[in-house]
Amino acid sequence: MNDIKLALLGSEGAGKSAVLVRFLTKRFIGEYASNTNSLYRKRLSIDGRQLNLEVFDPCSQGTEARCIVEEPVDWADGFVVVYNISDRTSFINAENILQQIREIRIENCKGEVEVPVCLVGNKQDLCHARQVCEEEGRSLAQENRCLFQEVSAAESYQEIANLFTQLIRQVMEHLKYRADRRCYSSSKSMAKLINNMFGKRRKSV
Ligand SMILES: Nc1nc2c(ncn2[C@@H]2O[C@H](COP(=O)(O)OP(=O)(O)OP(=O)(O)O)[C@@H](O)[C@H]2O)c(=O)[nH]1
C-alpha cells in the first residue's frame with residue numbers, strides 16, 4: 001500500500017478546503033473553519049493500486065510568512081497550490097509559494113528539487129469578476145513545470161478529480177524514482193565496498 005502525502009497551499013479564502021473537499025466527497029460545502037490546521041485521510045484506488053492519501057490543509061492565516069510554508073514543504077510528496085481567479089493578490093501569492101517550494105527543496109533536499117506540484121485557478125464560476133486570465137496561470141505553471149487547471153469547486157467535480165489523479169500519479173512515479181535511485185546508489189556503494197574488500201586481494205594473488 002502506497003502512502004501519498006499532499007499539502008494544500010494558497011491564500012486565505014482561495015478555496016483550498018473547498019477544492020479538497022470536492023475531491024474527497026464530491027460535494028461543495030460553502031464554509032469551513034479556517035483557523036486550524038487540518039489533516040484529511042482517505043483510501044483510494046488509482047490504476048488498480050491501493051493508496052493511503054493524506055492531505056495537509058494548513059491554516060492559511062499569514063501563509064505569506066515563510067515559516068508557515070516550510071513545514072508542509074518538508075513533509076509532503078506533492079503540492080496543490082490554489083489561487084482565486086478573481087483575486088490577483090492570491091495569484092501573486094501562489095507565484096511566491098511556488099518559488100518558496102523550490103528554494104526550500106533546494107536547501108533541504110541536496111539538489112533533489114523536482115517535486116510534483118499542481119497549480120489550481122479556483123472560482124472559475126466567478127469569471128465575470130476575473131482578475132487573472134487563464135493564460136497567466138498556464139504560463140506560471142509552465143515556468144514551474146507543474147500541472148495546471150482552472151476549476152470551480154462550487155460547480156464541478158470532474159476537473160478537480162482529474163487533476164488530483166494526475167498529481168497522485170506523478171507523485172507515485174516520483175516516489176518510485178527516488179526509491180530506485182536509493183536502491184541503485186546503495187547497490188553501487190555495496191559494489192564499491194566488495195571491490196575494496198576483495199578487488200585488491202585478487203590483484204595480489
Ligand atoms: N464562487 C465560488 N466560491 C467558492 C469556490 N470555492 C470556495 N468558495 C468560497 O470561498 C470561500 C473560502 O473557501 P475556503 O475553501 O474556506 O477557502 P480556503 O482557501 O480554505 O480558506 P482558508 O481556510 O481561510 O485559508 C468560502 O466562502 C467558499 O464558499 C468556488 O469555486 N466558487
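Trainee: In this predicted model, what makes Phe 23 count as buried or exposed?

Mentor: Phe 23 has a relative accessible area of 8%, and since buried means under 20%, Phe 23 is buried.

Trainee: How do you know whether Phe 164 is buried or exposed?

Mentor: The relative accessibility of Phe 164 is 1%, which falls under the 20% limit, so Phe 164 counts as buried too.

Trainee: Why is the pair of Phe 23 and Phe 164 called stacked?

Mentor: Their ring centres lie 4.3 Å apart, within the 6.5 Å required of a pair, and their planes stand at 5 degrees, which is under the 30 degrees that sets the limit for stacking; the pair is therefore stacked. Because Phe 23 belongs to helix H1 and Phe 164 to helix H5, this pair ties together parts that are 141 residues apart in sequence.

Trainee: What makes the pair of Phe 56 and Trp 75 edge-to-face?

Mentor: Here the ring centres are 5.9 Å apart, again within 6.5 Å, but the planes meet at 65 degrees, and an angle over 60 counts as edge-to-face, so that is the name the pair receives. Phe 56 lies in strand S3 and Trp 75 in helix H2, so parts 19 residues apart in sequence are tied together.

Trainee: Why is Trp 75 called partly exposed, and what makes Phe 56 buried?

Mentor: Trp 75 has a relative accessible area of 30%, which lies between the limits of 20% and 50%, so Trp 75 is partly exposed. Phe 56, with a value of 13%, is under 20% and is therefore buried.

Conventions:
Residues numbered from 1 in each chain as written. Predicted model: local features only at pLDDT ≥ 70, side-chain atom pairs only at ≥ 80, totals over all residues. Heavy atoms only, no water. Phe/Tyr/Trp six-rings, centres within 6.5 Å; stacked < 30°, edge-to-face > 60°. Helix = DSSP H or I, 4+ residues; strand = E, 2+ residues; numbered from the N terminus. Buried < 20%, exposed > 50% of the residue type's maximum accessible area, 1.4 Å probe, protein only.
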